[in-house]
Amino acid sequence: MAEQTHKVIVVGGGITGLSSAYYLQKLAIEQGLAIDITVIEAAHRLGGKIQTLQKDGFVIERGPDSFISRKNSIQQLAKELGIEDQLIQSAPGTTKVAVENELYSIPAGSVMGVPTNFGSFLASGISSWSGKARAMGDFFLPTTTSAEDQPLGPFLRRRFGNELVENLIEPLFSGVFAGDIDRLSIKSTFPELLEAGEQQRSLIRGLKKNQVANYRAFDTEKTGIFQTFSNGIETLVQTLEKELHTCTILKGIKVENLVQKGKQVELRLNNEASMIADSVIFALPHAKLMPIFEPLGLLKGLKDMPSTSIATVSIAFPEGAVKNPKDCTGFVVARNSDFTITACSAAHLKWPTLIPPGKALYRSFIGRVGDEAVVELSDGEIVKAVLEDLHKLMDIQEEPEFTIVSRWKEAMPQYLVGHGDRIAAAKKEVQDALPMVQIAGGSFEGFGLPACVDQGKAAAELLLERFVAESLSMEGTAK
């Protein structure tokens, strides 16, 4: 009797969904399994927030521009896809912090702003002497004993005082998470803090001993730690799309609801059609999952999970038009400063091969918790606000050659206290009610590109594992 084909639908064509489809296809071919894969994407293009624009010789990212090279998920995927030779490393340089219209270097050895090289911290002008003395209190405070999840901000203030947190730690976390550190989960954003506190009386000593490499994302004086592709991040999306040669890819189609049909699922689409699947991987932001799952009484625990809207603003200049420190590849902004932007990257210094000779490109970010209305302003108003901020920190002598504003609504999921438990509960209730369905993506277990690839791969492996187990069970029953 011919082997029955297992029909799989991946809903969402962002990097998580594409990774799921790729690894499903790869594993199915390797194991000789009859699997029919369909990818459904509501937009008319794949890639989600990954969008690379080629303009006048510039390679400009509207969304994420890179990934941390120490996490090898994308390098491994690039190798499998045959585009490993197109990976490029960011140039050496430093990230600074803007505090009250001044740019300060991040002390060497800082781990997300927590100093582990106290000599460098003491020599820094980013904190007053009283602030430095308060931060040294970490060496004398009692050992952190609670392993419970808690807000990141209060935890850090207890250890280091308010000044260090406001001037250094908060800007770095805001630059990564676009969130409020007084609400963000310590377990879901910086769990190494709790581990360091359990191992050492001092967090500084604990972090230094553990060498938390993945969080040294801003201490980049000697070598760049980010990677992208020679033609931009969208290279990965385009190559994945071409590689999915056994998959059906549907664009401009939205899944509106689902109905369980025995051991299968029926997906009803916005074009009044429907599709039946044996397994489904939903690789969508949680806000887009809610209308599909809420009618089934599922995922109610994610209803109050917020997401922050942000915008990126790319501004091109002639190279000599902006006077700035040559080694400064970017800066983040302290919340207590009078700025609209939250961070800025000097793309021509960070990625010199992606910018035409004699040109400069500054890529700024706006929008964070409590300051999202700015994203709704017109392009002209946003550009004006960004230029005013850049003028406060740099000597800009010419008008921009062009500007590009990209808005991302509800782009940054906020991992609030209890996030890990909420996600575990949400996945379990989906598994219990719909064992043929999985959820994955940036809303759940990391929204960086490597984390999304990992989640897509893990979903594919789990689906294949279940499929093989069910097939073996059916064979045993038939005998």
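This is a predicted model: local features need pLDDT of at least 70, side-chain atom pairs count only at pLDDT 80 or more; totals for chains, interfaces and linings use all residues.
Residues are numbered from 1 along each chain as its sequence is written, and side-chain values use heavy atoms, with hydrogens and water left out. Local features need pLDDT of at least 70 and side-chain atom pairs count only at pLDDT 80 or more, while totals for chains, interfaces and linings use all residues.

Helix α13 covers residues 379-393. Helices (H or I, at least four residues) and strands (E, at least two) are DSSP runs, numbered from the N terminus. From first C-alpha to last, the 15 residues of α13 reach 22 Å, close to the expected 21 Å, where the expected span is 1.5 Å times one less than the number of residues. Buried residues (under 20% relative accessible area, 1.4 Å probe, protein chains only) of α13 include I382, V383, V386 and L390.

Helix α2 (residues 73-81) packs against helix α10 (residues 234-243) at about 45°, with axes 11 Å apart. Axes are lines fitted to C-alpha atoms, for helices over the stretch in contact, and angles run from 0 to 180 degrees between N-to-C directions. The contact (heavy atoms within 4.5 Å) is made by I74, L77 and L81 of α2 and by L236, T239, L240 and E243 of α10.

E272 lies in the loop between β12 (264-269) and β13 (274-277), and counts as exposed (over 50%) because its relative accessibility is 81%. L299 is in the loop between α11 (286-293) and β15 (307-318), and counts as buried because its relative accessibility is 0%.
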